[in-house]
Amino acid sequence: MRRAICPGSFDPVTNGHIDIVARASFLFDEVIVAVGINKSKNRLFTAEERMEMLREACREFSNVRIDGFSGLLTAYCEENDVQAIVKGLRAVSDFDYELQMAQMNSSLADIETVFVPTSPEYSFLASSLVKEVATFGGDVSGLVPGFVRERLVTRLDERRRAGDA
Ligand code: ADP
């Protein structure tokens, strides 16, 4: 059984993430999409909310499951019998950091990193940019699933109201 992991923050999941998960699910027997739970970081959605959205977004892939992890990714991989980390590469700018990370991870554990080139239509897509565009009222449909767009608009509205209060 070949098991891979797609790690990230997914705050929130975008169509670029889903594209990488779809391709990993084709290449591997089982794929775990793992949400990093890092309490110190300021996220728009809680880890549970991010996992909930991923579950909905990945419903069509029968060999994909969603989980959360904290601490070292390599430790999670060892505990869960994961052989490969799948990462999407958007541009050269992603490469330096991702290469360093891949080499560090393989020095920590017996784990391979597989880079999947982003589909051209998603190469500019990042959760942070989607949040920024949505904050200023831009249309993010086509960048995230419809139900994510709705939750994003609602959450940003809540934040705005809380800020005004
Ligand atoms: P972070 O690693 O900063 O938490 P994200 O949660 O946004 O990043 O993304 C998780 C992983 O998903 C990234 O490391 C990258 O491999 C992949 N990814 C993100 N956006 C895209 C995209 N537009 N196209 C392909 N892969 C992507």
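Predicted model: local features only at pLDDT ≥ 70, side-chain atom pairs only at ≥ 80, totals over all residues.
Helices here are DSSP runs of H or I with at least four residues, strands are runs of E with at least two, and both are numbered from the N terminus. Residues are numbered from 1 along each chain as its sequence is written, and side-chain values use heavy atoms, with hydrogens and water left out.

Let's start with the loop between β1 and α1, where we find P12. The peptide bond leading from D11 to P12 is cis, its omega near 0 degrees. F10 belongs to the loop between β1 and α1 too, and this residue has a positive phi of about 50 degrees without being a glycine. For background, most residues other than glycine have a negative phi, and most peptide bonds are trans.

Is F10 buried or exposed? F10 is buried (under 20% relative accessible area, with a 1.4 Å probe and protein chains only), at a value of 5%.

Now, the ligand. On the nitrogen side, a polar backbone atom of L125 is 2.8 Å from a ligand nitrogen, while for T118 a polar side-chain atom lies 3.2 Å from a ligand nitrogen.

One last stop: D81, in the loop between α3 (73–79) and β4, also shows a positive phi, about 55 degrees, and is not a glycine.

Conventions: Polar contact = N/O pair within 3.5 Å; in protein donor to acceptor, adjacent residues only side chain to side chain. Buried < 20%, exposed > 50% of the residue type's maximum accessible area, 1.4 Å probe, protein only.
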